[in-house]
Amino acid sequence: MNLSENPKGLIAALLAMLLVFIGAVLYENGFITEELYLKIISAANPGISADSELEVHFIDVGQAECILIKAPEKTVLIDAGDIGYGKTIERYLRTEGVITIDYFIVTHPHADHIGSAADILRKFPVAEVIMPEIPSEYLPATSLFEDFLKAIKRKNCVLSYSENGRKIELGGGAFIEILGPAGYSGDNLNNYSVISKLRYGETSFLFTGDAEEEAELLLLGSGADVSCDVLNAGHHGSSTSNCAALLKAADPQYAAISCGYNNDYGHPHRETLAAFRDFGIGYFRTDYDGSIVFGSDGKTLEIFTEG
Ligand SMILES: [Zn+2]
């Protein structure tokens with residue numbers, strides 16, 4: 001923003017930052033209630049709420065992933081961005097009025113998915129963490145993963161392994177069904193990604209984490225119903241995921257790609273975008289669009305983007 005072009009906008013942005021800062025200091029020192037703190041943050045960040053019965057937010061966390069599902073009665077978080085995004089995610093969730101996370105699905109233990117998971121566990125009550133069961137020899141020996149496990153223990157929340165076929169009720173008839181990983185046993189952590197499908201009325205969303213083609217084909221082989229209206233593009237839009245067989249079976253109307261501007265991996269790959277176009281899939285990407293929000297009333301979808 002340029003001061004000479006938009007001085008009012010700059011002043012408003014600075015005032016909003018100041019308000020959030022003062023609110024945080026007052027809340028952290030016990031001068032105001034959490035409720036008031038949330039109101040201050042909401043006032044400072046009008047956000048991009050779809051104001052629908054069910055919302056799916058692909059939060060812009062750069063070259064990483066973090067998805068918020070606000071269902072009629074429950075709140076779900078899928079992954080928590082990379083290291084250093086705790087504040088960004090916390091602010092986004094607070095702006096959206098999130099107080100408690102009912103289910104925290106951690107697709108797989110790579111840094112761009114669990115990077116700020118321990119921060120989130122520290123900042124929000126989390127009822128249950130769901131992660132894939134990975135053979136111990138392939139579990140990462142990183143301090144990041146250890147911190148994540150320690151945070152789960154400290155917060156005393158339930159830790160469950162993903163179980164295919166499990167249906168998680170989210171209120172108002174909305175539910176998430178766990179579909180994968182579907183029998184992968186190799187050493188590629190991406191392919192252990194928890195795959196889940198959210199349904200609300202006639203609308204549905206498929207989340208595949210970083211599952212690559214081998215895992216996508218195992219999923220299709222398992223007979224899972226992958227049809228959806230919105231596909232969370234696999235592996236940040238990589239050409240090693242989003243294979244034609246999956247796109248054909250899923251037949252989504254839209255895809256949402258979580259990727260960072262000018263990232264080192266070239267995500268989303270040109271081949272993936274071409275495949276989306278070939279299959280008539282309209283796509284949004286967080287590097288250009290910012291956070292992407294889908295709202296559903298059970299019949300139709302609304303789409304909001306920051307950009
Ligand atoms: Zn990733």
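## Basis of the description

Residues are numbered from 1 along each chain as its sequence is written. In this predicted model, local features need pLDDT of at least 70 and side-chain atom pairs count only at pLDDT 80 or more, while totals for chains, interfaces and linings use all residues.

Strand β10 covers residues 203-207; strands (E, at least two residues) and helices (H or I, at least four) are DSSP runs numbered from the N terminus. Because 5 of its 5 residues are buried, β10 is largely enclosed by the rest of the structure. A buried residue has 20 or more other C-beta atoms within 10 Å of its own, with C-beta atoms placed from the backbone. Thr203, Phe205 and Phe207 lie on one side of β10, and Ser204 and Leu206 on the other.

Strand β9 (residues 195-200) pairs with β10 in the antiparallel sense over 5 bridges; pairing requires at least two DSSP bridges between two strands. Lys197 is opposite Leu206. The two strands form a hairpin with 2 residues between them, and Gly201 in the turn has a positive phi of about 55°.

With strand β11 (residues 230-232), β10 pairs in the parallel sense over 3 bridges. Phe205 has Val230 as its bridge partner in β11.

## The eight-stranded sheet

An open sheet of 8 strands has the order β6-β5-β4-β3-β2-β1-β14-β15, with mixed pairing. Its edge strands, β6 (158-161) and β15 (301-305), each pair on one side only.

Strand β4 (residues 101-105) runs parallel to β5 (residues 126-131), joined by 4 bridges, and Ile101 stands opposite Val126.

Methods
Buried ≥ 20, exposed ≤ 12 C-beta atoms within 10 Å, placed from the backbone.
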